[in-house]
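Dear colleague,

My notes on it follow directly after.

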Amino acid sequence: MSSHLLSQFPTHLHTLQKLTAIGVDLVPLYPHSLWVPDGAPLHMLSSLREYYIATYNDQFFLPPPATIPSFFKLFTFFELIFHLPISLWAVRALWAGGPLTGSSELLLLVYGVETALTTLTCMYDAALWDPAVVTAAQKTVLIGGLYGGYFALAVLLTIDMYARVLKRVNVADAAKKTQ
């Protein structure tokens, strides 16, 4: 990757994450009166979720009485208290174009690792879904495309932030040796 592309990469990942969280993942946490009724101000989010479920048959997003794995509820909570605030902060900080601080790089490293692990968990669970309910073609799109693409972006962010943090640590270690 070119250095410009790499420097803009976290901005794009966080923008994608923020839009996905607000538009699909966290919608059931909003008051129903805001998104469920036909005349609700955020009804388009209900339509978007319905389209997503109908198109991709993603079992994590089915309405009750579907059984949603307990870990997915925890991951949704992570998204609300960790991913969304960091994404909002990161887009603003990265859009400004200034260099990241060491603490920002460390936070984004943790974010990348957590995002990669939670996404990989979802991919693994989706691979085990009953083929009578979710076809192999649907699984390919979900795992290889939607979740797989998001996983790849999280891994790239993790590698990028790890390299940046490691460079800082190596500089600090070198400075200590010369003292």
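Is Thr158 buried or exposed? At 15% relative accessibility, Thr158 counts as buried, where buried means under 20% relative accessible area, exposed means over 50%, and partly exposed lies in between (1.4 Å probe, protein chains only). Thr158 is found in helix α6. Its C-alpha lies 5.2 Å from that of Leu109, although Thr158 and Leu109 are 49 residues apart in sequence.

Before the remaining findings, a word on the basis of the values. This is a predicted model, in which local features need pLDDT of at least 70 and side-chain atom pairs count only at pLDDT 80 or more, while totals for chains, interfaces and linings use all residues. Residues are numbered from 1 along each chain as its sequence is written, and side-chain values use heavy atoms, with hydrogens and water left out.

Overall architecture

The chain has six helices and zero strands; helices (H or I, at least four residues) and strands (E, at least two) are DSSP runs, numbered from the N terminus. Along the sequence the pattern reads α-α-α-α-α-α. Of the 179 residues of the chain, 38% count as buried.

Helix packing

Two packed helices are described by the angle between their axes and the distance between the axes. Here, axes are lines fitted to C-alpha atoms, for helices over the stretch in contact, and angles run from 0 to 180 degrees between N-to-C directions.

Helix α5 (residues 102-127) and helix α6 (residues 136-177) have axes that come within 8 Å and cross at roughly 155°. That makes α5 roughly antiparallel to α6 (angles under 35 degrees count as roughly parallel, over 145 as roughly antiparallel, 65 to 115 as roughly perpendicular and the rest as oblique). The contact of α5 with α6 has 21 nonpolar, six polar and four charged residues; Ala, Val, Leu, Ile, Met, Phe, Trp, Tyr, Cys and Pro count as nonpolar, Asp, Glu, Lys and Arg as charged, and the others, Gly among them, as polar. The crossing of α5 and α6 is left-handed, a term used if the near helix is turned anticlockwise from the far one by less than a right angle, with right-handed used if clockwise.

For α4 and α5, the axes come within 11 Å and cross at roughly 150°. These two helices, α4 and α5, are therefore roughly antiparallel to each other, and their crossing is left-handed.

Salt bridges

The structure holds two salt bridges, each defined as a side-chain nitrogen of Lys or Arg within 4 Å of a carboxyl oxygen of Asp or Glu.

One joins the side chains of Glu105 and Arg168, at 2.6 Å from N to O. Glu105 lies in helix α5 and Arg168 in helix α6, so the pair ties together parts that are 63 residues apart in sequence. Glu105 is buried, with a relative accessible area of 6%, whereas Arg168 counts as partly exposed at 39% relative accessibility.

The other is formed by Arg164 with Asp160, whose closest N and O atoms are 3.1 Å apart. Both Arg164 and Asp160 lie in helix α6, four residues apart, about one turn of the helix. An α-helix has 3.6 residues a turn, so residues three or four places apart point the same way. Asp160 is buried, with a relative accessible area of 7%, while Arg164 counts as partly exposed at 22% relative accessibility.

The bend in helix α6

Helix α6 bends by about 50° at Gly148, the bend being the angle between axes fitted to the seven residues ending at a residue and the seven starting there. Gly148 counts as buried at 15% relative accessibility. Gly148 and Cys122 are 26 residues apart in sequence and 9.9 Å apart in space, C-alpha to C-alpha. The buried residues of α6 include Leu142, Tyr147, Tyr150, Leu157, Met161 and Val165.

Most residues other than glycine have a negative phi. Asn57 has a positive phi of about 55° although it is not a glycine. Asn57 lies in the loop between α3 (43-56) and α4 (70-95) and is buried, with a relative accessible area of 15%.

With kind regards
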